[in-house]
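Subject: Structure handover

Hello,

Here is the structure I promised to pass on. Please open it first, then read my notes below.

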Amino acid sequence: MTLSPEQLEQRRHILTASDAAAVLGLNPWRSAYDVWAEKTGETSAFAGNWHTRRGHAIEPLLLAWLGEQKSPLSVRPAGDVTCVHPILSWLGATPDGLVFETGNASPVAVAEAKSSGHRDAWVDDDDEPMVAEIYMPQVVVQMAVKQLPRAYVVVEILTEGEPWIIEVERDWELEAIVLEELDQFWRHHVMTRVAPELGDDATYQQVATVFRRQKRAELVPATSDAQEQASRYIAAKAAAKAAESEAEAAKVALCKLIGDAEGVHGNTWRATWKWREPQTISYERAGYRHFDLREVGAAAKQKTKKGAMAA
């Protein structure tokens with residue numbers, strides 16, 4: 001669903017279902033700090049990318065598929081209205097669709113359409129379909145805001161055939177836990193404008209959001225902590241490069257073994273080597289701070305010398 005400028009402005013003043021996973025620490029691409037920065041105006045809201053655009057484009061098709069599979073239930077797009085919880089005025093949701101019974105003007109469920117390339121995120125330990133962890137809080141909040149007893153999640157998994165349909169019953173205990181966490185975040189951070197702390201597990205994106213622009217345009221002498229972290233970074237990059245080289249060699253060997261087939265599978269893994277048609281994507285990259293660490297001076301010269309000798 002593509003949001004209008006008015007919706008985007010409304011959503012800046014409330015927490016929405018799509019914010020829930022980030023606040024709860026379940027979104028690997030977005031953090032609680034990112035949500036705080038957006039709600040307090042410290043940074044602009046996420047403008048979307050190719051993956052979100054693709055998701056918006058396929059959404060009507062997935063909702064239509066859900067309606068066909070669940071007939072005589074009917075599925076209608078929810079429209080461009082961001083609904084607010086009847087009691088919690090700071091909580092809202094914009095579900096993709098609403099599900100209706102024949103002859104009933106009131107919806108009986110929310111509908112959410114997703115597209116994913118990660119099958120493992122959508123199955124449990126018994127390989128049965130489940131809602132991916134990153135999306136479950138979103139569905140929980142949608143049911144709470146709309147006060148509906150269930151949700152239907154229709155997901156296109158790119159490695160599979162037909163879309164999957166997963167029915168989710170409203171879980172009052174889980175809902176209470178999620179809403180309490182969101183309420184704490186809203187009252188203790190957004191309303192007070194006190195940012196969540198950047199702990200030792202802070203992501204690069206979080207730190208880059210805090211220190212968006214340089215206030216001091218010079219290099220500063222390294223502290224002992226900075227020296228330690230730089231050494232840690234250099235060692236980790238070297239190990240990663242070695243591991244990447246080993247992984248590339250294994251990948252080449254696997255591709256040779258796959259040959260003209262689509263893939264190969266073992267007891268606990270599978271590898272595919274599929275043909276993908278060419279595509280062109282045009283976009284404009286927003287300004288950002290780029291991190292770069294490289295060895296200089298004697299250390300760099302010694303490494304260059306070793307590389308030349310090895311060659």
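Helices α5 and α6 are roughly perpendicular to each other, a label used for angles of 65 to 115 degrees, where under 35 is roughly parallel, over 145 roughly antiparallel and the rest oblique. The angle between α5 (residues 136-146) and α6 (residues 172-190) is about 95°, and their axes are 10 Å apart. Axes here are lines fitted to C-alpha atoms, for helices over the stretch in contact, and angles run from 0 to 180 degrees between N-to-C directions. On the α5 side, the contact uses Met136, Val140, Val141 and Ala144. On the α6 side, it uses Leu174, Glu175, Val178, Leu179 and Leu182. Contact means heavy atoms within 4.5 Å. The residues of this contact divide into 8 nonpolar, no polar and 1 charged. Nonpolar covers Ala, Val, Leu, Ile, Met, Phe, Trp, Tyr, Cys and Pro; charged covers Asp, Glu, Lys and Arg; the others, Gly among them, are polar.

A word on the source. This is a predicted model, in which local features need pLDDT of at least 70 and side-chain atom pairs count only at pLDDT 80 or more, while totals for chains, interfaces and linings use all residues. Residues are numbered from 1 along each chain as its sequence is written, and side-chain values use heavy atoms, with hydrogens and water left out.

Now the chain as a whole. Its secondary structure comes to 9 helices and 10 strands. Both are DSSP runs numbered from the N terminus: helices are H or I with at least four residues, strands are E with at least two. Of the 311 residues, 31% count as buried. Buried means under 20% relative accessible area, exposed over 50%, and partly exposed in between (1.4 Å probe, protein chains only).

Back to α5. This helix is mostly covered, with 9 of its 11 residues buried. Among them are Pro137, Gln138 and Val139. Just after α5, Gln147 takes a positive phi of about 55°.

Next, α3 (residues 32-39). Here 8 of the 8 residues are buried, so α3 is largely enclosed by the rest of the structure. Tyr33 and Trp36 both lie in this helix, 3 residues apart, about one turn. They form a tilted aromatic pair, 5.3 Å centre to centre, with 50° between the planes. Rings of Phe, Tyr and Trp (its six-membered ring) pair if their centres lie within 6.5 Å; planes under 30 degrees apart are stacked, over 60 edge-to-face, and the rest tilted. By this rule the count comes to 3 aromatic pairs. Just after α3, Gly41 takes a positive phi of about 80°.

Then look at Gly97, in strand β5 (residues 97-100). Gly97 is buried, with a relative accessible area of 0%. The residues that Gly97 touches include Leu63, Arg76 and Val110, not counting residues up to four places away in sequence.

Last, some backbone details. Most residues other than glycine have a negative phi, and most peptide bonds are trans. The bond from Ser71 to Pro72 is cis, with omega near 15°. Pro72 sits in the loop between α4 (50-69) and β2 (74-77). Asp127 has a positive phi, near 65°. Asp127 is in the loop between β6 (109-116) and α5, and is partly exposed at 42% relative accessibility. Arg193 also has a positive phi, near 60°. Arg193 lies in the loop between α6 and α7 (204-210), and is partly exposed at 46%.

Best wishes
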